[in-house]
Amino acid sequence: MKKILITALIIVSAISINYSQSYKTALGVRGGTFNGLTLKHFLGSNTAVEGILSTRWNGFKFTGLYELNNNTGTEGLDWYYGVGAHVGFWNGDHVAWGASGKDYTVIGVDGIIGLEYTFNEFPINLSLDWKPVFDLVGNTGFGGDGFALSVRYTWK
């Protein structure tokens, strides 16, 4: 029984090492309803933080996310989900929901779920995700239009 347990532990360890993330840090562009820059950094084998600086409506928003990454069983292809928060700044002249001449600060919480593929041949990572938000301060309410494609340069 002891030999079976030790053998099983070795196999699980080997699989976990094989499925570890293929990069440590990635920097790139994010295109979607909010366009901008994205920086993702792994804290461990499956936990990461991501910062997104995005623009929309002649304003900008900063988002910080904590993400859990999981292997799909296909080399280079992972899926991830996470939570975070954002703060954004807009002028009411440029948003449909704003009053003309009024500046808005929006603070809220974010979720994220997506797929990413990291190439073995060159240091590029592609991700496709959905990032819904719920604004708590400013223009309060739910925003579900946060779909994006990101292209990042990776470092080991």
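Reader: Why does R152 count as buried?

Author: Its relative accessibility is 1%, and buried means under 20% relative accessible area, with exposed over 50% and partly exposed in between (1.4 Å probe, protein chains only). R152 therefore counts as buried. One note before we go on: this is a predicted model, where local features need pLDDT of at least 70, side-chain atom pairs count only at pLDDT 80 or more, and totals for chains, interfaces and linings use all residues. Residues are numbered from 1 along each chain as its sequence is written, and side-chain values use heavy atoms, with hydrogens and water left out.

Reader: What makes R152 and E50 a salt bridge?

Author: The closest N and O atoms of R152 and E50 are 3.0 Å apart. A salt bridge needs a side-chain nitrogen of Lys or Arg within 4 Å of a carboxyl oxygen of Asp or Glu, so the pair qualifies. R152 sits in strand β10 (residues 147-155) and E50 in strand β3 (residues 47-56), 102 residues apart, so distant parts of the chain are linked. Strands (E, at least two residues) and helices (H or I, at least four) are DSSP runs, numbered from the N terminus. E50, at 2% relative accessibility, also counts as buried.

Reader: Which residues are linked with R152 in a network of salt bridges?

Author: The network links R152 with K40, E50, E67 and E116. The structure's count comes to seven salt bridges.

Reader: How do you know that R30 and D129 form a salt bridge?

Author: Their closest N and O atoms are 2.9 Å apart, which falls within the cut-off. R30 is in strand β1 and D129 in strand β7 (residues 124-130), so this pair ties together parts that are 99 residues apart in sequence. At 5% relative accessibility R30 is buried, and D129 is buried at 3%.

Reader: What do the side chains of D110 and K131 meet in?

Author: A salt bridge, at 2.8 Å from N to O. Because D110 lies in strand β6 (residues 103-118) and K131 in the loop between β7 and β8 (133-137), the pair joins parts 21 residues apart in sequence.

Reader: Now the rings: what makes Y23 and F42 an aromatic pair, and of which kind?

Author: Rings of Phe, Tyr and Trp (its six-membered ring) pair if their centres lie within 6.5 Å; planes under 30 degrees apart count as stacked, over 60 as edge-to-face and the rest as tilted. Y23 and F42 have 5.2 Å centre to centre and 85 degrees between the planes, so the pair is edge-to-face. Y23 lies in the loop between α1 (2-18) and β1 (25-32), and F42 in strand β2 (residues 35-42), so parts that are 19 residues apart in sequence are tied together. Both Y23 and F42 are buried.

Reader: Why is the pair of F60 and F89 called tilted?

Author: Their centres are 5.3 Å apart and their planes are at 45 degrees, so the angle belongs to neither the stacked nor the edge-to-face range. F60 counts as partly exposed at 41% relative accessibility, as does F89 with a relative accessible area of 34%.

Reader: How do you know that K40 lies over the face of Y80?

Author: K40 is 4.2 Å from the ring centre of Y80.

Note on methods. Lys NZ or Arg CZ within 6 Å of the ring centre and 35° of its normal.
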